[in-house]
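Visitor: Put the model up, please, and then we can go through it piece by piece.

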Amino acid sequence: MTDTIAAIATGASVAAIGIVRLSGPQAITLADKLFHPLHGAPMREQESRRLVYGEVRDRAGALLDLGLCTVSRAPNSYTGEDTAEFQCHGSPVVLRTLLEALFALGARQAGAGEFTKRAFLNGRLELCAAEAVADIIDAETAESARNAASQLSGAIGRRIGGVYDALNDMSAHFHAVLDYPDEDIEDFTLARYCDTLEGASADLRALLATFARGKLMNRGIPTAIVGRPNAGKSSLLNALLGYERAIVTDVPGTTRDTIEEKLLLGGRLLRLTDTAGIRETADPVEALGVRRSREAVSNADLVLAVVDGSESFTEEDAEILRLAETAPHALVLLSKDDLGHKTAELPTKLPVIPVSAVTGEGLEALGEAVKALYPLPGVPAGEILTNARQAEAVGRALESMESACDAMRLGMTPDIVLTEVEGAMNALGELTGQSVREDVTNRIFARFCVGK
C-alpha cells in the first residue's frame, strides 16, 4: 500500500455536495497542489480533521470550484494512512475533473471498498466491523441501520472477545505446562475448564441463533400474496405500496405472472410477491402463472392469504387457506371490507384481518400483525449476525466447541480436547479477520461501492 488512491465518494448524479477522497502517502501533498485556502496556511500545515475553505483548481491551475478540504494524518485516520477529502458542489463534471487532476498528479483510481480494506489491513477495523460499513450503506430499515452501526463500533468483536480470550487462556496454560515441565506452573486439568468449555458453547449457540432473524432483517421477509382470481390481491399490493404497481381490472386472471416489490410494513422489511390467482384453468399461460404462485408460497416465510369478503366462501378459497397453513407464518386477509361481508366464519386457525384497499381499513392492523409475527430479538443491537460468512464461521466454532465438550465427557486426553479448542479459535479469528485468507478478504470488499 505504497500508492495513493482517489475516488468520488458520493453518487454519480447531481447533488448539493460532492466528495472526492484520497488515501496514501501522497494524499496531503496532492491536496496542497489542487486546493488553495483563502485564509491561512496550506493544507500540509493545517490541523488534522479541520475543515478549510478555499479554491479548488484543476491541473492547469484554473479555478474549478469554491469548497472545503480536510486532512487526517496517519495513523489517526479512517484508513490508518494520510488522507484528504475535498467537499465541492455536487456537479458530476466538477468532481470528475478534480479526480482526473489527481490521477495526472500520480494518484490512482481506488478499487471497490479499497478505503475500508486499507482500514482493515492497517488494524483500524475488525473484519466484521468492516462488513458493517456495507450493511449500513445498504440498510433499508432503522433496525438494520442500528445493528450495522453497533457492529461498526465493534459489537461482534466484543461479543466473541470474551469467548476467544477464555479459550486462549486455556490453550496457553496447557502449552506452558507441556513446554516448561520444570517451571512452577499449576498442573493442567480439564475439570478446571469444564465451565469454560460449556460457557463458550452456550455463548456461540446463542450468537448463531440470531442469524435467522438477522437474515430476514437485512434481506427482507419473503412474502407471498395469494388468493383466487379477483380476490383483491393486486389492489392490496397497490394500497400497501401507495401507487398503482399492478394492473387491476374486474376481469379474473389479469395477473398472470409474479410481481415483486419491497416495502416496510409494521417496521419490518417485506420482499412482497403478488401472484396469479390460484384456480384450475385450461389457459396454458394462466396455468404457468398458477404454478409460479405455488412456488412463491413454497419459498415464502410469510403468506398473506386473500379471501374476498364480499362474496361467498368457495372451495378455491378453502384450498388457498390450506396452502397458507403450510407456510412458516401466515395471515388471512378478508378483502373488500368496504363492500360488506358475505363470507361466514372462515375454517382456519390463522389470524383473520378484514381489510379494504379502497379505504385503507385494516392496513394498520395488518402492520401490527406482521410486527407481532416478527418480534425484535432480545439481544443488543450489533449482536445479530446478518451474513452467511459470519454465521458459517460461528457455526464451525460451535461445532469444534461441542466436539471439545464431548471429548472431555468421554475422558479423552487434554491434547485431543485442545485440538478442538484451537479449531474454534481459528474459526472465530476468521470472523474478526485475525486468521482470514486473502481471497476471502478480497471477496468481501468486492461488494463495496467505489469510494468507500
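Guide: Exposed means over 50% relative accessible area, buried under 20%, and partly exposed in between, with a 1.4 Å probe and protein chains only. Helices (H or I, at least four residues) and strands (E, at least two) are DSSP runs, numbered from the N terminus.

Visitor: Where does the model come from, and what are the ground rules?

Guide: This is a predicted model, with residues numbered from 1 along each chain as its sequence is written. Local features need pLDDT of at least 70 and side-chain atom pairs pLDDT 80 or more, totals for chains, interfaces and linings use all residues, and side-chain values use heavy atoms, leaving out hydrogens and water.

Visitor: Back to α15, then. Which residues in it are buried?

Guide: Val440, Thr441, Ile444 and Phe445 are buried in this helix, which runs over residues 438-446. Seen down the axis of α15, the buried residues fall within an arc of 125°, so they line one face of the helix. The arc is taken from the directions from the helix axis to the C-beta atoms. An α-helix has 3.6 residues a turn, so residues three or four places apart point the same way.

Visitor: What covers the buried residues of α15?

Guide: The cover includes α3 (114-121), α4 (127-138) and α13. Contact here means heavy atoms within 4.5 Å.

Visitor: How do α13 and α14 pack?

Guide: Helix α13 (388-409) and helix α14 (414-432) pack at an angle of about 165°, with axes 8 Å apart. The axes are lines fitted to C-alpha atoms, for helices over the stretch in contact, and angles run from 0 to 180 degrees between N-to-C directions. α13 and α14 are therefore roughly antiparallel. The cut-offs are under 35 degrees for roughly parallel, over 145 for roughly antiparallel, 65 to 115 for roughly perpendicular, and oblique for the rest.

Visitor: Which residues in α13 and α14 meet?

Guide: On the α13 side they include Arg389, Ala393, Ala397, Met401 and Ala404, and on the α14 side they include Ile416, Glu420, Ala424 and Leu428. The residues of this contact divide into 14 nonpolar, four polar and four charged. Nonpolar covers Ala, Val, Leu, Ile, Met, Phe, Trp, Tyr, Cys and Pro, charged covers Asp, Glu, Lys and Arg, and the others, Gly among them, count as polar.

Visitor: Another pair. How do α5 and α8 pack?

Guide: α5 (142-152) and α8 (211-219) pack at about 120°, with their axes 9 Å apart. These two helices, α5 and α8, are therefore oblique to each other. Glu143, Ser144 and Asn147 of α5 make the contact with Arg213, Met217 and Asn218 of α8. By class, the residues of that contact are one nonpolar, three polar and two charged.

Visitor: How many residues of α9 are buried?

Guide: Seven of its nine residues are buried, and the helix (233-241) is mostly covered. Leu236, Leu237, Leu240 and Leu241 are among them. Elements covering the buried residues of α9 include β8 (221-227), β9 (259-265), β10 (268-274), β11 (302-308), β12 and α12.

Visitor: Last one. Where is Thr210 found?

Guide: In the loop between α7 (194-208) and α8. Thr210 is buried, with a relative accessible area of 6%. Not counting residues up to four places away in sequence, Thr210 touches Val379, Glu383, Ile384 and Leu385.
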